[in-house]
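Subject: Structure handover

Hello,

The structure is below, together with its sequence. My notes on what was found in it follow.

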Amino acid sequence: MIIRKPYAFLIKYFKIIHIILFVLMSYLTYKTRLVYFFFRDYAGTGTYTYINNIASFYVNIFMVFVALVLVVLLILIYLLMKQKEKKVLIYLLGTIFYFLSFISYIFFITVFRNLEYSSYNTQILLLFRDISLFIYYLNYIFIVIAFIRGFGFNIKQFNFGKDLMELDISDEDREEIEVSSGIDYENVSNFVRRRKRNFMYYIKENSFILTFLLGMILVFFGAKLYITNFITDKVYSIGEIVNIQNVEYVINNCFIINKDSSGNIIKENANYVIIDLNIINKNTNDITISSNVHRLKVNNKYYYNITNVNSNFDEFGTIYKNKILKSNENNNLILVYEIENNYQNMLLELFQEREEHGNEAIFHYKKVKLEPYEFKEIDLGSFALNQVISLNNSYFGQGEFSILNMDIKENVSYKYNKCITEDKCYEYEKIIIPNQGYNILKINYKLDIDKNLFRYLIINNKTLKNITPNNYEENSVLLEIPNDISSDNLILNFNIRGVKFNIVR
């Protein structure tokens, strides 16, 4: 193949090529600066702002292409300077640096893509920060050289004017040259066959040693992979026990809601994540663990639990605050997080420990992958008194419920005991009278789970007010009902967040 030497072109456009180098290097410096600041802030705070297609925003294919173009241009200038017996060290170093940058950008594209569905621990983030810092600052050395030689500033150290004068164009710089491989393919083929044959002999003679070494390598990497994925950086699932400093956490379920039990929007443009968990303190002494040390990661954005909430979440359980965890006591609690409408890739990060490195604090967490419960619309149909209703299809996941009796009364009286001292108790009688325009609906029921099902009771499209005293008889509830409803036309409609059934006499 016949090609023309490029040296005449390179000498003629020497300044323009360096201006192009300056522009391309400046672009990569700016983009690498963004990458460095991202990992610096992420490693420092443990959080970052999620944006769509984050990989393309920080490290795109164009950056990879620009780095490759710089490598090609620097190689050409290196060859020119070498032929003209000029100093070539800066171009050689530039070629090596931008080739490493080319590899690094490809690597960082993978890193940012992985952030879409996973996270990195602090040590890895610090490594990414240092790599991007190294690339970012070294860029300035080559930018200065390209700027001076491109725009022609005759600084003594670089002496651009002298460089350009000495790069005279000669006929040799334009002459055509023949490019051929000069390879004897038959000799190469014989060489490959001979090497292959000797290699097979070597394998057979040392099969035991090689098999042993291979086995050791596989065991080493297998053990490392197992320790990384199942011990140090294990991601737990719902239902698994997570042991942190002899305190056991079990995540039972995860719910995402934006409406209360009556179907009203709690807050516009917000969702609430409710995490049902059990905590058992296996230590011999009582301890207090704040709920604020744990955090929720959604779409690579972190949220911290809220505790100053009203009764909208009481149906799911008791909110976890700064609770004293008594030794060997099983605590069933809930964590509540307010998040945005768009949610994917949810991880609950349970605080493990804080580690100090100089002025830098590193926080370690154990992660639990959350799969939110999917609320479904199910109609279980109609039931009569004393019929058993399975609640397995509800978000409770268990339980049986039945209504034994129901009556509408104008008022209800009941007796109860009150003790002044251990030996002195008196019996009292109390009459419960509803508000004007209402009667009292008294219901006797059976329920084998600790849930208030009557918050889901709807009559004439309205929920009923519960007026049951704390000292009233067990498995009975008193509700205020409009006085235009009689026992003859009474139908109890339940809607447990989409699971519907009704009870008639």
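Two strands are counted as paired if DSSP finds at least two bridges between them. Helices (H or I, at least four residues) and strands (E, at least two) are DSSP runs, numbered from the N terminus. This is a predicted model, in which local features need pLDDT of at least 70 and side-chain atom pairs count only at pLDDT 80 or more, while totals for chains, interfaces and linings use all residues. Residues are numbered from 1 along each chain as its sequence is written, and side-chain values use heavy atoms, with hydrogens and water left out.

Overall

The protein has nine helices and 25 strands. Of its 505 residues, 39% are buried; here buried means under 20% relative accessible area, exposed over 50%, and partly exposed in between (1.4 Å probe, protein chains only). The accessible surface comes to about 29,800 Å², and carbon and sulfur atoms account for 53% of it; areas come from the Shrake-Rupley method with a 1.4 Å probe, and for residues only the protein chains shown count as cover. Among contacts (heavy atoms within 4.5 Å) with a separation of 6 or more, 70% are between residues 24 or more positions apart.

Strand β6 and its partners

β5 and β6 run antiparallel and are joined by ten bridges. Val-250 has Asn-278 in β6 as its bridge partner. β6 also pairs with β11, again in the antiparallel sense and over ten bridges, with Ile-279 opposite Asn-331 of β11.

How many residues of β6 are buried? Eleven of the eleven are, so β6 is largely enclosed by the rest of the structure. In a regular strand the side chains alternate between the two faces of the sheet. In β6, Asn-271, Val-273, Ile-275, Leu-277, Ile-279 and Asn-281 point one way, and Tyr-272, Ile-274, Asp-276, Asn-278 and Ile-280 point the other way. Residues on both sides are buried.

β22 pairs with β23 (residues 476-482) in the antiparallel sense over two bridges, and Lys-465 stands opposite Glu-480 of β23.

Another open sheet of five strands has mixed pairing, in the order β14-β25-β24-β20-β21. Here β14 (378-384) and β21 (462-463) stand at the edges with a single partner strand each, so one side of each has no neighbour in the sheet. β14 and β25 (residues 499-504) pair in the parallel sense over five bridges. In that pairing Asp-379 stands opposite Lys-500.

Salt bridges

There are nine salt bridges in the structure, a salt bridge being a side-chain nitrogen of Lys or Arg within 4 Å of a carboxyl oxygen of Asp or Glu. Three of them are described here.

- Glu-349 and Arg-295 have their closest N and O atoms 2.7 Å apart. Glu-349 lies in β12 (residues 347-357) and Arg-295 in β8 (residues 295-298), so the pair ties together parts that are 54 residues apart in sequence. Glu-349 is buried at 1% relative accessibility, and Arg-295 is buried at 8%.
- Glu-338 and Lys-267 meet at 2.8 Å, N to O. Glu-338 is in β11 (residues 330-339) and Lys-267 in the loop between β5 (247-257) and β6 (271-281), 71 residues apart. Glu-338 is partly exposed at 29% relative accessibility, as is Lys-267 at 40%.
- Arg-129 and Asp-130 meet at 3.1 Å, N to O. Arg-129 is partly exposed at 22% relative accessibility, and Asp-130 is partly exposed at 37%.

Glu-480

Glu-480, in β23, is buried yet has no salt bridge. Which side chain of opposite charge is nearest to Glu-480? That is Lys-465, 4.7 Å away; Lys and Arg count as positive and Asp and Glu as negative, with His and the chain ends not counted. A polar atom of the Glu-480 side chain lies 3.0 Å from the backbone nitrogen of Asn-435. Leaving aside neighbours within four places in sequence, Glu-480 is in contact with Pro-434, Asn-435, Tyr-438, Asn-439, Leu-464, Lys-465 and Ile-467.

Regards

Key. Polar contact = N/O pair within 3.5 Å; in protein donor to acceptor, adjacent residues only side chain to side chain.
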